[in-house]
Amino acid sequence: MGGRAVDRTVTGLLQWGCRQMWGFAPRMIPHIVARKGAGGALRWFAANMPRYLTTMQVLGPARTHLAAVVVSLHNGCIYCAFGNAYALELVYLRGHDKLFPLDARTLDGWLGLEPRELADRMRDVLHTAGMHAEMLWVDRTLDILRGQQPVDASEARLAHVVTMVSEMNSIATTAGVEPDEAQNPLNKDGALKCRHAALRAGV
């Protein structure tokens, strides 16, 4: 009972933290605690989340979410792919006042693609979006997934995103967690989300 009580307490604490950041409690939080235990989950978040949030500031949300999408699609994780792709859609809509060319709801068919096909598809999307500088970012993300070492400080941050998201992918796919919401503070912007939904619906 004591252990389960601690697990519930830690789960609630982590859900509260995510709710403050993103406006919702991710469905996979209980599965992280179940996999790692209460203490392990706290240590994992303490070791990874501050660095991830700093990377979001240093590299920008578009590149950070793009890397997470590529990693998650490569690893066959629809939960993380959706949460980051939806976040990327909101970031793009706010910055460009138009829809991102890729709809997060259509990603099921992209899971587990061969790296070359995944890269080609992502390059096409980024070309259409006018995000030409990010095409190389896709390639470097896949290179690091294949074991290549980072060559500078930005790629060291990318390597951390690859490692962190890959672990989340493993937990989410093992538990069969269904997608929920955008893993970005813009998820709290109700007006932006309503505009996004209306544009996707063609209203």
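**Exercise 1. Which residues in helix 2 meet which residues in helix 3? Classify the contact and the crossing.**

The model is predicted: local features need pLDDT of at least 70, side-chain atom pairs count only at pLDDT 80 or more, and totals for chains, interfaces and linings use all residues. Residues are numbered from 1 along each chain as its sequence is written, and side-chain values use heavy atoms, with hydrogens and water left out.

*Step 1.* Contact means heavy atoms within 4.5 Å, and helices are DSSP runs (H or I, at least four residues) numbered from the N terminus. On the helix 2 side stand Tyr-52, Thr-55, Met-56 and Leu-59; they meet Pro-61, Arg-63, Thr-64 and His-65 in helix 3.

*Step 2.* The contact of helix 2 with helix 3 has four nonpolar, three polar and one charged residues. Here Ala, Val, Leu, Ile, Met, Phe, Trp, Tyr, Cys and Pro count as nonpolar, Asp, Glu, Lys and Arg as charged, and the others, Gly among them, as polar.

*Step 3.* Axes are lines fitted to C-alpha atoms, for helices over the stretch in contact, and angles run from 0 to 180 degrees between N-to-C directions. The axes of helix 2 and helix 3 come within 6 Å and cross at roughly 125 degrees. Helix 2 is therefore oblique to helix 3; angles under 35 degrees count as roughly parallel, over 145 as roughly antiparallel, 65 to 115 as roughly perpendicular and the rest as oblique.

**Exercise 2. Describe the contact of helix 3 with helix 5.**

*Step 1.* Helix 5 covers residues 115-129, and its axis lies 11 Å from that of helix 3, at an angle of about 150 degrees.

*Step 2.* Helix 3 contributes Leu-66, Val-70, Leu-73 and His-74, while helix 5 contributes Pro-115, Leu-118, Met-122 and Leu-126.

*Step 3.* By class, this contact has seven nonpolar, one polar and no charged residues.

**Exercise 3. Characterise the cavities and their linings.**

*Step 1.* A cavity is a set of points on a 1 Å grid over the protein atoms alone where a 1.4 Å probe fits but cannot get out; lining residues have an atom within 4 Å of a point. Points are joined across faces, edges and corners, and a volume is the space filled by probe spheres set on them. The whole structure holds two cavities of 30 Å³ or more.

Definitions and conventions. 1 Å grid on protein atoms, 1.4 Å probe; cavity = no way out; pocket = protein on both sides within 12 Å on 5 of 7 lines; lining within 4 Å. Helix = DSSP H or I, 4+ residues; strand = E, 2+ residues; numbered from the N terminus.
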